[in-house]
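Good morning, and thank you for coming. I shall take you through one structure step by step, and I ask you to keep the display in view as we proceed.

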Amino acid sequence: MPKLQSAAALEDYRAQVLSARDPARPSIAVCAGAACGGLDSAAVAAAFSTAIEKQAAAAKLDFRVTGCHGFCNKGPNVIVGPGDICYFEVKPEDAAEIVACTLKGEVIERLVYQHPVTGEKAVHMSEVPFYKHQMRILIGDIPKIDPMRITDYLAVGGYSALAKALSKMTPVEVLDEVKKANLRGRGGGGFPAGLKWETTRNAPEKTKYVIVNGHEGESAAFMDRAMLTGNPHKVLEGLIIGAYAIGAQQGYIYTRHDSPQMALHIQAALAQAADYGLLGKNILGSGFDFTVELHYDVGIFVSGESSALMRSIEGHAPEPRPKYIRTSVSGIWDKPSNLNNVETWANVPEIINRGADWFTSIGSEKSKGTKLVSLSGHVANSGVIEVPMGMPLRTIVFDIGGGVPGGKAPKAIHFGGAMGGSIPISLIDAPLDFDGMAKLGAPIGAGGLLVMDEDTDMVEVARYLLDFLVKESCGKCVPCREGMYQMLKILTNIKEGRGRKFDLERLADLTEVTSLGSLCALGKTSSDPLKSMLRYFKDEYEARIAAGAAAGGLAT
Amino acid sequence: MTDLVLQIDGKDVSVPAGTTVLQAARQAGIPIPTLCHHEQLEDYGGCRLCMVEVESRGRKNHVVSCLYPVEKGLVVRTRTETVDKIRRVIIEELMAHAPDAPELKRLAEEYGADRNRFEKESSFCVLCGLCVRYCAEVKQKHAVGFIENGPKREISFIPEIAAKECWDCQECFAICPTSYAQAAYFLTEALAFPGRRKAGATSA
Amino acid sequence: MSEQIIEGNVGIEGNGAIDGIIEKYRGKPGALIHALTEIQHANRWLPRDVMQRVADALEVPFSQAMQIASFYKTFSLTPKGRHEVHVCTGMTCHLRGAAKLQEKVEELTGLKLGETDAESRFTFEAGSCLGSCSIGPELIVDGKHHGRMTPEKVADVLKRYE
């Protein structure tokens, strides 16, 4: 494959790819995402390969194994085209029948979605309640793409934004568009990406770096992995555009060591992009040089913190640095380094292609665009969803999520994993956004939304989260290392009936000092879940302490 | 390097750019407590005792003065209700490990800290890192290092190096605020190289 | 705190693979984590004598190598069993009863988290949020997911691994 030397060459090649494809041709896409993989989608995919061969169907339909379709608890998922017919809980034994029916244009009734209460069936994706309310700009292409084939990404318009940026826009124009769009960081910080890019661009050093934070350590968040495994090129395209705007020559993708399939897909994407001249020297003949390296974490949560991550890339232990030295000015090897989350980068191509005005037309006043949410917990429908910012949580939990199964009532919703917070179900009409949710004490973090039912023990939730963080603390500073440890001890005592009256006062002091005194975001936000518990569920804590004392636990 | 003027506890202080708030305060005779700070070592920012309130461009913040660089027009307050509370709780947390350390006892009295506030775990080490950093930066022997993370973190003497270097040096023993470094060395010696505390020695 | 010198059992692939990795990164202190990761992957643990050789070759203090190896939980300073049993301890799995799964594995194997049994059959570890929350709680053995687990099913799963 000779390298594409210009934007025009890319469009010619794309036209060639498209002319070889017939949109009316039937297709079968098997999901090999994390959950479907865990439900043995590999056996389903193998059964399809066999069936297609047996029925001599290879020339009559397109078959591909893709990344995450999103409806994780109903897997193994299969989507049949044209028309996006969704089949759920597909078994290997179903493959032959699906192939035969797809060739005839028939639908298999027993495999389509059926509402658990009304019994109503939905055949096409646009009719299935889980999908109907979503706005799948980032993840909508995933079922159409085999991540090992760059041509699939080109067929859906991939790299057209990069071509536009390099051939028709200056770096400053690209930067201004991203600033105008008010794209805010999707990893948890919510900081305007355009401003961060600008700081890095304006830093005096000539050598600059850009980084994809694909660490995704937040518990119950799995959408970044779905994005990187299902459509790594979209993230890569955003990164290259960003590097062009910032003036960076080298990029790093930092991700987890424990997902071999994701690693394989990213490696393939990097290699193929380089082959096509979309990465490396003189990209698309523009004179812009840029290369990317893949780095893996070594299994600790704190290495998702941006300054710690940069120390890890340097080969050191991931000890965070105080934020007086901004990493956009002095980061990896003291060079200006712009770090953004996977989802933040993935938004860039669409902003360049469709414009900042399009982006700002979606979402709420200060939170623009869509948000990927990992919906899980005590909820009927769970998986990776994409919704416009500003959507009421009620819509997400009930219309998309299908509410709590088993006839139980929901009690609380938790956002942000170990660094977030819980809100009671009475606040379910709050909109999904950065600032409003932060004010309520449940900042959306990376977007992991956990539904908790009426039997959930809110003392245990706080204790569990602190237990997790204590194991992940680097141990350098006293307020985090010691503060969290003492909070954990007190909560364990309360949970086990040994709570004492002055515990709440000690917890209040500890949460205050740990928040103010810790070196990095891990320590600073470690007490946020507990703070939200004391704000909304204090009576549960007081009752637990009183019950323990009454049952003969330690007196005050 | 030009000098700039900042205000600490109402007093105007003039120092070169690049000075830390801690250095500026010390120069002006204003005391700020520290534990992990040492003149010969790079500032660490681990104990957080030196935290102060700073105000710059209308924004207030709490920062560690040992690392925070001075700015023109910065307003620093070394004692406020919040700053004192942060210090008090840090002292209480450390006294859970080393309740009898002289420096901690002195600070406890000054800040009204209760040595029994938190459940004890008498490991005696407050993980200030002075021994580790001194051996790495000043002596450049790396005979003692940190292992593990979080509350499980501890200092660890490397027997092969300690056997050759420590007996003739012992400098980290004097700077350890809790005398734990000394104890850790002796325990290491007893278990890993008894009777061989320096190169060529056949007895203690 | 005290360091006892453990004689290294250099492990599955023998010295060759490890030598190769050390040579590849000789003189590159910044590659410490890469080197240790590759050796961990090839050998399944990091013997002390190997750690010493890595520190010498990469020109880093031994204490720094030990700090890295003990800090990051994917490194193992003790030999691992033939099969790695992970219970996912992520938040969703926890809400769905992962603690009971953990208790059951402890009961059946006699191992607490982080431990390996005397016959080197199983190493039991926690894994935090492996990304398949929708099918939690999960047991993952040698990379294979066993989703929607209950304590009753654990014995059957473990039986399949010798």
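**Domains, a sheet, helices and a neighbouring chain**

The centres of domain 2 of chain A and domain 3 of chain A, taken over C-alpha atoms, lie 27 Å apart. Please bear in mind that what you see is a predicted model.

Let us look at how these two domains meet. Domain 2 of chain A gives 15 residues to the contact, and domain 3 of chain A gives 15 residues as well. Which helix supplies the largest share of the side of domain 2 of chain A that touches domain 3 of chain A? That share, 3 residues, belongs to helix α10 of chain A, residues 223-230. Sorted by class, this side of domain 2 of chain A that touches domain 3 of chain A holds 6 nonpolar, 4 polar and 5 charged residues. To place the two domains in the chain, chain A is divided into domain 1 (24-130), domain 2 (150-360), domain 3 (370-453) and domain 4 (467-550).

I turn now to a sheet in chain A. In what order do its strands lie? The order is β12-β11-β15-β13-β14 of chain A, and these 5 strands form an open sheet with mixed pairing. At the edges are β12 (383-388) and β14 (421-424) of chain A, each of which pairs on one side only. From one strand to the next, the twist averages 30°. Within chain A, strand β13 (residues 410-415) and strand β15 (residues 448-453) run antiparallel and are joined by 5 bridges. As one example of a partner in β15(A), A:His414 is bridged to A:Leu450.

Next, a helix of chain A. Just after α8(A) comes A:Asn182, with a positive phi of about 55°.

A helix of chain B can be read in the same manner. In helix α3 of chain B, residues 102-111, the residues B:Leu104, B:Leu107 and B:Tyr111 are buried. Why do they lie on the same side of α3(B)? The reason is that they cover an arc of only 65° around the axis. B:Pro102, B:Arg106 and B:Glu109 are exposed, and they are carried by the face turned away from the buried side of α3(B). The buried residues of α3(B) pack against α2 (81-95) of chain B.

Finally, I come to chain C. It contains 7 helices and 4 strands, and along the sequence they follow the pattern α-α-α-α-β-α-α-β-β-β-α. Of the 162 residues in chain C, 44% are buried. The C-alpha atoms of chain C fill a box of roughly 50 × 30 × 30 Å along the principal axes.

Technical notes. Residues are numbered from 1 along each chain as its sequence is written. Chains are lettered from A and ligands numbered from 1 in the order in which they are written. This is a predicted model: local features need pLDDT of at least 70, side-chain atom pairs count only at pLDDT 80 or more; totals for chains, interfaces and linings use all residues. A residue is buried if 20 or more other C-beta atoms lie within 10 Å of its own, exposed if 12 or fewer, and partly exposed in between; C-beta atoms are placed from the backbone. Helices (H or I, at least four residues) and strands (E, at least two) are DSSP runs, numbered from the N terminus. The arc is that of the directions from the helix axis to the C-beta atoms. Two residues are in contact if their C-beta atoms, placed from the backbone, lie within 7 Å. Two strands pair if DSSP finds at least two bridges between them. Axes are lines fitted to C-alpha atoms, for helices over the stretch in contact, and angles run from 0 to 180 degrees between N-to-C directions. Domain bounds come from an automatic or database domain assignment. Ala, Val, Leu, Ile, Met, Phe, Trp, Tyr, Cys and Pro count as nonpolar, Asp, Glu, Lys and Arg as charged, and the others, Gly among them, as polar.
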